[in-house]
Amino acid sequence: MSIIKKLALAAGVSALLSSAAYADLSGKVIGFSQIGSESGWRAAETSVTKSEAEKLGIDLKFADAQQKQENQIKAIRGFIAQGVAAILVAPVVSTGWEEVLTEAKEANIPVILLDRGIDAPQDLYLTSVASDQVKEGHVAGDWLVKTVADKDCKIVELQGTVGSSPAINRKKGFEDALAGHANLSIIRSQTGDFTRAKGKEVMEGFLKAEDGGKGICAVYAHNDDMAVGAIQAIKDAGLKPGTDILVVSIDGVPDIFQAFVAGEANATVELTPNMAGPAFAALDAYLTAGTVPEKFIITESKLYTPADDAQGEYDRRKGLGY
Amino acid sequence: MVEGAEPVVQARGIVKIFGQHRALDGVDFEVRPGEVHALLGENGAGKSTLIKILTGAYQPDGGEVLLEGAPVRFSDPLDAQRHGIGTVYQEVNLLPNRSVAENLFLGHQPTRFGIVQRKVIEARARDLLAGYGLEIDVKAELGSYSVAVQQIVAIARAVELSGKVLVLDEPTASLDRNEVAKMFEVVGRLKARGLGIIFITHFLDQVFEIADRVTILRNGRLIGTKVLSEVTATDVVRMMLGKDLAFDHGGVGVAEAMQGPVRVEFKSLGRQGKVAPFSLALHEGEVVGVAGLLGSGRTEMARLMFGVDPADCGEISVGGRVVNIRNPAQAVAAGFGFCPEDRKLDGIFGDLSVRENIIIALQAKLGWFRALNRDEQIEIAGNYAEALDIRAANHEMPVKLLSGGNQQKVILARWLAIDPNFLILDEPTRGIDVGAHAEIVRTINRLREEGLALLVISSELDEVVAYSNRIVVMRDREMVAELSGADIAPSVIVAAIADNPGAKVTAEVGA
Amino acid sequence: MRRIDWRGALLRPQFMALAAVLGINWLLFPGFFDITLQDGRLFGSVIDVLNRGAPVAILAIGMTAVIATKGVDLSVGAVMAIAGAVAAVLVTGGSSAIVAVGAALLVGLLCGLWNGILVTYLEIQPIIATLVLMVAGRGLAQLVTEGSIVTFSDPVLIFIGTGSLFGMPMPIVIAAVLAIGATLIVRKTALGLLIEAVGVNRSAARFSGISSGLLLVVVYTFAGFCAATSGLIVAGDIRGADANNAGLWLELDAILAVVIGGTSLLGGRFSIPMSVVGALIIQAMNTGILISGFSPEFNLVVKSGVIILILVLQAPMTSQWLRKRMSEGKAQ
């Protein structure tokens, strides 16, 4: 699609939407303090937030904190000084927010947290939009339970960075889903640090240790990048990923859809980069009708399989900055 | 000085031994109240060891220290300070980012109920410094003042904390003429107050200007204590360099060699702030000795010749062809060699083998890709080790395990291996035992006979006289005299070093 | 030429440590030494150790020379990321693989040159000088990839990371060629001796006529080249340039490999082959942990424990004590 066409379409859509559902947000100034761009998913979240804002006619003030809380606090103070209508924050750490959020509250500016929670009194922010990481693991586990049905299935697990909350929660959700199904068991679990290279290396080790992979029925990776690495390791071992060994992971980045197309991966649970959509909806309801939203808005943890138009999903995502 | 007064501090028969080396051997020294007593000697003479014993940093292995007639034993410099002996070093060791007042009373602040009384401190600091003729803002940071002011503050602090004896260890080394005058005014005031002052320096003129008596050390021994009004600068230099005029044997018969063709020539070579431009031509089979006190520019001249410090004027030619020498690599390429004064720092590769230490300069000259193979290395190292009689269990042992004399010979071998045109030896016999000493001197003579041009820097006048065809004298970073023939005699050299107008000086060279 | 005492060499603590780690791996997993041919490519845990150890081994080759000069290069991990990013962005932009590989290696050389100039001519301490690129380099790589993993399908780049030559995986082939080549170059030319001389005493090296400045620049540039090579392998391996994670903390593994290999951080004597052995010890340990089935929480504890043990075994105090014990044993 040419840029001109894209712009025309975007303008049309935003005109349509702003005149209808979100009348009150059009023309409003909203500040967005983003953590940085440490991962593809983060970049996608930024670009989706910007495009959602554009659709609604919001004047989005974007501030990249480059992984530093002090930058975020500075940005938030700046937003307060500018008198913005609302502030979105993807907090880089969970502590140390009371002071600046109190300043926002005193200035009567609602604050919405995106994708990460904080340790602060709940009255300091309007709502928190995030995924449920335990549920993500659970959805992945449910899919595997359903897929293997009564057959025995030995699973190897590629964990995220040791001690990180997604690693802990996605492991727990997956194990919860497997509970009560004795035919499924996790036989090996190691950390792949959420990276492709480590995912591949760890999978290589698993394959060697399990008789060239003959005993492995499925690999569960805490993120798609590790799954992509594991797929390569399985191919190097002379097995067919997706067929000989099932591959299920979490995140829904474009490359996993490409693997779907190639028949090399079986399922992924999307961690949507669209945290801003629900946030804007809640904000609109709050500003127009005074409806106080739920304290925790949980985004959908949607399961995708190759049956879901993998090529189309890949095309939709590849431009988002993943 | 109070004539005949009892010394405030006195050292008797001090002996200090480091390993097998007698750093001090039966040295007597004393300071009387109201006296400025200069302590002189070349590097390694034992000045700093003696001072460290007087101030409690070292304990003597023999002899005793008396304070106002009573034997004392200081456990450390703080103890000595409590007993009245304070020290100020060349490098001011105060806190530059604290105020002058704080520096004066640091660790001894007057307090009331445990709280430092800033106002009181400042008033007292102003009073104290006024006594030194210094009227400055005592609230300003010490570091914002000149080195001279910092020195005076350091002196004031030392005197305040001690009060009987003040040791000044090269306090004027980094001061200009006006600052020195200011410093001497302060010293004069303290002298009038009856303090005993020990003054260590390399500057002879300052000794004559400020001191009452001088004590001269050489190689750990006491050479003598003299009342300065009764001696000349020449006498002092002679004592420092250890040349008794009675021994004078002018021109030992090496002076006839100047007829060989010019091998290396330096024309108006100089560098701002290091060495005034000098000219010197060295002939084949000639040894030119360099005499001068420490800090006279001897080593600086050699560094310029070898490109260690690039010259900012003048030119160098080898065999009549002008060569560009901006760094040692170019000097080596031109066939120059340099045995530096500080062997350990600039000479040897301690962890490398004797073999590698010998072939390294040749290898550097050959370049990265024309490597000497192991057999060639063994051959070369063996030849030169034999020629110079290097005593090592084998040539694969680390050179750091060799004695100082053998290390010096290894460095000499390194340069002979490149078949040099010109060799510079900076204090080649310093810190090596007597046997190796004589061997080095024999080697210098042999190299001369083989047609090499050598420049030898040495404080040992006996030696320089023995092997030099000519001698140049350095003073105040300038080449002030060139002596040859009958003038190659310790008496003439000493006179030239001391700038004694009565002495015979054949040629004035340089700017 | 050096006459090599093979028996003495094999009794070095590094070889004993490698044998011990491999032995433990074998106990944990009896199939550890099995090697099969899979799609014309050797396949087995031992091959994994060599293959996975190759990037750090290659870094260690360059790092050895740097450490021998009494320096250190903290930027190699970041340079890996930059090189991978440059190659990936170029091939996805339509350039030929030759251009991409050439550009990546050139960028590595330039990064090394930059470090060398900072260390030599601006006289910045190596740890600080290379810290600049360590921090900024990863940012540069992220700028090149715009923060995402740039995936490619160029067969040449992929071959560098996952291909094989005569059944031997390419990373092993490249590491072996570099290790042997670098060793021959430093030992057959005068470079080895001159590097050691500069490391032992830079001032004496200068007084001996060694152009130590140029030598240092060359050494750091070579380290940059090694890092870029490593970066290409890592990118080829995952078929993508991951600017955030490629080479992350590998500079520390490389330094550790050099130290385990017996080259002192104080400079001087060095051995490239022993540094490669050091890299293999580290990787054998990593692979061992992977197949052991321990919970990942123990990874770092086990690793650090083994490293401490190796370093203690290597310490001069220990070797003196061992020698004394052995001679006493003989006397009885």
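Into which domains is chain B divided? Chain B comprises domain 1 (9-97 + 141-245) and domain 2 (314-434), with bounds that come from an automatic or database domain assignment. The C-alpha centres of domain 1 of chain B and domain 2 of chain B are separated by 39 Å. The structure is a predicted model, in which local features need pLDDT of at least 70 and side-chain atom pairs count only at pLDDT 80 or more, while totals for chains, interfaces and linings use all residues. Residues are numbered from 1 along each chain as its sequence is written, chains are lettered from A and ligands numbered from 1 in the order in which they are written, and side-chain values use heavy atoms, with hydrogens and water left out.

Chain A also has a two-part assignment: domain 1 (3-131 + 272-291) and domain 2 (133-270). For domain 1 of chain A and domain 2 of chain A, the C-alpha centres lie 33 Å apart. As for the assembly, contact means heavy atoms within 4.5 Å. Of the 2 pairs of chains in contact, chains B and C share the most contacts. Chain A and chain B, by contrast, are joined by no contact, and their closest C-alpha atoms are 30 Å apart.

The aromatic residues come next. A pair of aromatic rings is described by the distance of the centres and the angle of the planes. Here, rings of Phe, Tyr and Trp (its six-membered ring) pair if their centres lie within 6.5 Å; planes under 30 degrees apart count as stacked, over 60 as edge-to-face and the rest as tilted. Over all chains, a search of the whole structure finds 14 aromatic pairs. In one of them, the ring centres of Phe184(B) and Phe199(B) are 5.9 Å apart and the planes stand at 80°, so the pair is edge-to-face. Phe184(B) belongs to helix 6 (residues 177-192) of chain B and Phe199(B) to strand 10 (residues 196-200) of chain B, so the pair ties together parts that are 15 residues apart in sequence. Helices (H or I, at least four residues) and strands (E, at least two) are DSSP runs, numbered from the N terminus. Both Phe184(B) and Phe199(B) are buried, where buried means under 20% relative accessible area, exposed over 50% and partly exposed in between (1.4 Å probe, protein chains only). Elsewhere, ring pairs link Phe306(B), Phe338(B), Trp415(B) and Phe207(C) into a cluster.

Lys154(A) lies in strand 6 (residues 153-159) of chain A and is partly exposed, with a relative accessible area of 45%. Its C-alpha atom is 8.2 Å from that of Asn183(A), a residue 29 residues apart from Lys154(A) along the chain. Leaving aside neighbours within four places in sequence, Lys154(A) is in contact with Ser185(A), Ile187(A), Gly215(A), Ile216(A), Cys217(A) and Ala218(A).

Finally, the backbone of chain B deserves attention. Most residues other than glycine have a negative phi, and most peptide bonds are trans. Asp389(B), which is not a glycine, has a positive phi of about 55°. This residue, Asp389(B), is placed in the loop between helix 13 (374-387) and helix 14 (404-416) of chain B, and at 34% relative accessibility it counts as partly exposed. Arg477(B), likewise a residue other than glycine, has a positive phi near 60°. The loop between strand 21 (470-475) and strand 22 (478-484) of chain B contains Arg477(B), which counts as partly exposed at 32% relative accessibility.
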